[in-house]
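Please read each point against the coordinates.

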Amino acid sequence: MPRITTPRDIYFGRGCLDALKTLDGKKAFIVMGGSSVRKSGVLDKATGYLKEAGLEVYIFEGVEPDPSVETVQRGAAEMQAFGPDWIIPIGGGSPMDAAKAMWVLYEHPDADIFNINPFNMPPLRNKARFVAIPTTSGTGSEVTNASVVCDYSTGIKFGVAGFDIIPDIAILDPDTTDTMPKTLTAHTGLDALSHSLEAFVARFASPFSDADALYASKIVFDTLSAAYEGDPGAREAMHYAQCLAGMAFTSSMLGLSHAMAHKTGGMFDDGHIPHGLANSIYIPYVIQYNSTMPEAKAKYVAMARYVGVCGATDDELVAGLVSKVRAFASSLGSPKSLKEYGIPEAEWNAKLDEIAANAMKDELLISNPRKIELDTMKKVLQCIYDGTDIDF
């Protein structure tokens, strides 16, 4: 049956990181990525508040972008040794996703990390509760029921998902985002836009997810450019918008764009395609593909009107929405196609069949409004590579 689940508490506003002082427990296990959280002073503030609350603090750092299975397993082992009653990721989507997967293995060491979904997620909170502190504005992972982990032996990302994995507490302190580099601001913000666009038309969308998705998309269009330039008010607005987009897709799920992004991000020799950037390239083509379905088209028309697109007909409004997304992404440094991004044609041709086959296995296709078969998936991917509009 339809279900909406969110963290029990969401703290927001500048300075709200001090909510950590209210935690009741003995041990806190912090999960983080590189040195940015340390250099920005956020880590010192967080550990100071936790110690003020009387908690012993352990820091696990070094989570890579697109966290690996090995990192998750190593973190879970260190959790087992330390025995925390609070797990606290600080950073972008990667530390939060890694910490969620670690949490599962901490409480259930024998769980199959490759095969955890909403239908078999083991119960959590027998050992620890979870506080998520995002320092980027895009993934929404602080409020979502999903974690994405990468198997680097294959280059494929897979999901660890279930309602129990939704954090207990989310702390949205815009102060933590003020040092985000421009490129990261753009990529994470465009990821939030793709979340709202996919959630709005997803098969499991509801009035609740629609409200979050619509409002989030408008705020992204209105404020991301200013946030990119470092405006503090815009950064605050984006931090809340990406959270709303996360709440939208947690209840509605996503679709074809994310299914493809999960299967292309780590497939190429010159490094991975940043997740938000990949979705900013893919989503205009996905709008074109899905808009052949009347219900999806009506949703895109509503979205277009809400974000200020003008058009005399539904077709003009959908085309205008595609153009608006492309122009917006381009203004933030996103290319129109994978060829423009720099993927060599020979490598693309060699891996297209594998990418298409892997994308067909992604669980998010179940919520995409238009079904897709393998041959069509290859055609869609080829259009994205070439920069050719989809008219089929």
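1. With which residue does aspartate 389 form a salt bridge, and how far apart are the closest N and O atoms? The partner is arginine 326, and the closest N and O atoms are 2.9 Å apart, where a salt bridge is a side-chain nitrogen of Lys or Arg within 4 Å of a carboxyl oxygen of Asp or Glu. The pair links distant parts of the chain, since aspartate 389 is in the segment after helix 14 and arginine 326 is in helix 11 (residues 314–331), 63 residues apart. Aspartate 389 is partly exposed at 41% relative accessibility, whereas arginine 326 is buried, with a relative accessible area of 19%; buried means under 20% relative accessible area, exposed over 50%, and partly exposed in between, with a 1.4 Å probe and protein chains only.

2. On the basis of the note: this is a predicted model, in which local features need pLDDT of at least 70 and side-chain atom pairs count only at pLDDT 80 or more, while totals for chains, interfaces and linings use all residues. Residues are numbered from 1 along each chain as its sequence is written, and side-chain values use heavy atoms, with hydrogens and water left out. Helices (H or I, at least four residues) and strands (E, at least two) are DSSP runs, numbered from the N terminus.

3. By the salt-bridge rule the count comes to 15. Lysine 263 pairs with aspartate 362, the closest N and O atoms being 3.6 Å apart; lysine 263 lies in helix 8 and aspartate 362 in the loop between helix 13 (345–359) and helix 14 (374–386), so the pair ties together parts that are 99 residues apart in sequence. Both partners are in the buried class, lysine 263 with a relative accessible area of 6% and aspartate 362 with 4%.

4. Glutamate 229 forms a salt bridge with lysine 182, with 3.2 Å between the closest N and O atoms. Glutamate 229 is in the loop between helix 6 (207–228) and helix 7 (232–252), lysine 182 is in helix 5, and 47 residues separate the two. Here glutamate 229 is exposed, at 56% relative accessible area, and lysine 182 is partly exposed, at 40%. Elsewhere, Arg14, Asp175, Asp178 and Glu236 are linked in a network of salt bridges.

5. How do helix 5 and helix 8 cross? The axes of helix 5 (residues 182–201) and helix 8 (residues 256–264) come within 9 Å and cross at roughly 135°, the axes being lines fitted to C-alpha atoms over the stretch in contact, with angles running from 0 to 180 degrees between N-to-C directions. That makes helix 5 oblique to helix 8, because angles under 35 degrees count as roughly parallel, over 145 as roughly antiparallel, 65 to 115 as roughly perpendicular and the rest as oblique. Asp191, Ser194, His195 and Glu198 in helix 5 meet Leu256, Ser257 and His258 in helix 8, contact meaning heavy atoms within 4.5 Å.

6. Of the 70 residues in the largest nonpolar core, Leu256, Met260, Tyr282, Leu338, Trp348 and Met377 touch the most other members; such a core is a set of buried Ala, Val, Leu, Ile, Met, Phe, Trp, Tyr and Cys residues joined through side-chain atoms within 4.5 Å. Helix 9 (residues 275–290) gives the most to this core, with nine residues. Leaving aside neighbours within four places in sequence, tryptophan 348 is in contact with Phe268, Leu338, Ile343, Ile355, Leu381, Gln382 and Tyr385. A second, separate core of 30 residues includes Phe60, Met79, Leu105 and Val149.

7. Threonine 135 has its place in the loop between strand 5 (129–134) and strand 6 (146–151) and is buried, with a relative accessible area of 10%. Not counting residues up to four places away in sequence, threonine 135 touches Val37, Ile90, Gly91, Gly92, Thr176, Thr177 and Met180.

8. Two backbone values deserve a look. Most residues other than glycine have a negative phi. Arginine 125, in the loop between helix 4 (93–107) and strand 5, has a positive phi near 75° and is partly exposed at 30%. Methionine 253, in the loop between helix 7 and helix 8, also has a positive phi near 75°, and its relative accessible area is 25%, again partly exposed.
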